[in-house]
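Work through the exercises below with the sequence and the 3D view side by side. Each task is followed by a solution that goes step by step.

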Amino acid sequence: MDFTPSEEQSAARGLAARIFGDLSTHERLTAAGTGTDAELWKELCAVGLPAAVEDIGLLGLVLLLEEQGRTTAQVPFAATCVYGLLAVAEHGTAEQRERLLPALRDGTAVATGAFPARGGVHSTEDGALYGAVPWVPWLREATHVLVADADLALWIVEARASGAEASAVGAEACAAGVTVEPVETTAPWSAGRLVLDGVRGVRLGNGQPGAYAAVLATARTAFAGLQAGVCAGALARAVHHTVTREQFGRPLSTNQGVLIRAADAHMDTEAIRVTAYEAAWRHDEQRACETQALTAAWWASEAGKRVVHAGQHLHGGTGADLDHPVHRHFLWGRQLDAYLGCGSEVLEELGLLLADGAEGDAS
């Protein structure tokens with residue numbers, strides 16, 4: 001295994017770090033509320049970062065999402081890349097790639113996914129979809145939603161009206177048979193409740209088996225990378241606070257208890273990062289990566305919540321201020337620790353997968 005970034009990956013990460021650092025400030029995040037920072041999203045798309053993901057791979061995307069997580073930038077970057085660009089590029093037909101990828105690359109289309117499948121959506125033989133998904137991240141911004149039905153088939157659903165219909169009733173109008181109801185989650189992810197009432201979906205690809213599991217593994221890896229960035233950002237803020245704030249004539253960082261708590265948080269953050277890197281590297285090398293994706297997701301859940309709690313704790317009374325930037329990391333970390341399966345759910349999946357593998361080897 002070699003996780004050393006390529007020249008292209010390093011360049012993309014450096015560009016992402018600069019843009020997120022310059023534009024995703026506390027003041028801009030406060031002004032954005034729970035919605036997307038539209039100007040930041042335009043800037044990311046203008047320099048070609050979403051489009052670059054097809055070239056730099058999932059490992060490159062993880063590196064970019066780390067930079068987003070450090071600043072908790074409110075853009076649908078992970079969702080569009082995972083459920084749009086990579087899903088269509090890897091599993092779509094030639095016609096679907098030609099039709100959908102250009103708009104996803106330049107940001108005029110925004111994708112998200114109704115994942116994981118909980119059995120709430122059913123499809124008919126003619127491709128009509130019925131059911132509801134309680135909450136979908138970035139749904140209020142999405143033009144396309146990747147939906148998994150009860151049989152784990154994947155469908156591309158247009159979430160917005162288009163053409164004359166859109167101009168008549170407004171750009172935010174939902175497509176026929178689709179209802180989007182705003183939902184406020186812990187993190188400000190512009191989420192919504194998705195209701196499907198006979199909307200015609202387009203089957204992703206040719207219905208090849210394993211597409212749902214592959215997209216879910218990709219999503220878990222990518223969002224683990226995002227969690228690594230969120231944790232790194234929370235820890236960096238805690239380090240700055242404890243180094244600059246004094247108590248009894250010396251910095252808080254000289255207290256042994258503070259040092260131990262920060263060291264534990266650092267090790268947890270590194271565990272999330274390295275397991276996400278391994279899963280992404282295996283994906284890019286076209287090796288089996290479902291086990292590694294589950295491992296990264298488990299670390300992102302269990303270690304992630306430890307780190308963001310430590311980040312607030314090390315800020316002392318300041319950490320209880322809901323308007324302090326570190327609180328935003330806490331909210332993101334807690335949202336990510338349950339998204340795509342909490343730690344116990346992921347651990348159960350991993351155990352069953354390992355048991356099936358052991359039985360297969362034995363036979």
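**Exercise 1.** How are α8 and α9 oriented to each other, roughly parallel or roughly antiparallel?

*Solution.* Keep in mind that this is a predicted model. Begin by locating helix α8 at residues 211-244 and helix α9 at residues 256-284, which pack at an angle of about 155 degrees with their axes 9 Å apart. Angles over 145 degrees count as roughly antiparallel, and α8 and α9 are therefore roughly antiparallel to each other. As for handedness, the crossing of α8 and α9 is left-handed. On the side of α8 the contact is made by residues including Thr218, Ala224, Gly225, Cys231 and Leu235, while α9 contributes, among others, Val258, Ala265, Ile272, Arg273 and His283. Sorted by class, the contact of α8 with α9 has twelve nonpolar, eight polar and one charged residues.

**Exercise 2.** Find the helix in which Trp332 lies, and decide whether this residue is buried or exposed.

*Solution.* Trp332 lies in helix α11, which covers residues 325-338. Its relative accessibility is 0%, and because buried means under 20%, Trp332 counts as buried. Next, look at what surrounds the residue: not counting residues up to four places away in sequence, Trp332 touches Gln68, Thr72, Ala73, Gln74, Ala187, Pro188, Trp189, Leu226, Gln227 and Val230. Finally, compare sequence with space, where Trp332 and Cys231 are 101 residues apart in sequence and 9.3 Å apart from C-alpha to C-alpha.

**Exercise 3.** Carry out the analysis of burial and contacts for His91.

*Solution.* The place of His91 is in helix α5, residues 77-91. With a relative accessibility of 12%, which is under the 20% limit, His91 counts as buried. When residues up to four places away in sequence are not counted, His91 touches Leu86, Leu204, Gly205, Gln208, Ala211, Ala214 and Val215.

**Exercise 4.** Which residues of the largest nonpolar core touch the most other members?

*Solution.* The largest nonpolar core has 78 residues, and those touching the most other members are Leu61, Phe77, Tyr83, Phe115, Leu146, Leu154 and Phe223. The largest share of this core, 14 residues, comes from α8. Taking Leu61 as an example and leaving aside its neighbours within four places in sequence, one finds that Leu61 is in contact with Val53, Ile56, Cys81, Val82, Leu86 and Ala222. There is also a second, separate core of 18 residues, which includes Leu129, Trp155, Ala159 and Val199. As background, nonpolar side chains tend to be buried together in soluble globular proteins.

Notes:
Residues numbered from 1 in each chain as written. Predicted model: local features only at pLDDT ≥ 70, side-chain atom pairs only at ≥ 80, totals over all residues. Heavy atoms only, no water. Axes fitted to C-alpha atoms, helices over the stretch in contact; angles between N-to-C directions. Helix = DSSP H or I, 4+ residues; strand = E, 2+ residues; numbered from the N terminus. Parallel < 35°, antiparallel > 145°, perpendicular 65-115°, else oblique. Left-handed = near helix turned anticlockwise from the far one by under 90°. Contact = heavy atoms within 4.5 Å. Nonpolar A, V, L, I, M, F, W, Y, C, P; charged D, E, K, R; others polar. Buried < 20%, exposed > 50% of the residue type's maximum accessible area, 1.4 Å probe, protein only. Core = buried A, V, L, I, M, F, W, Y, C linked by side-chain atoms within 4.5 Å.
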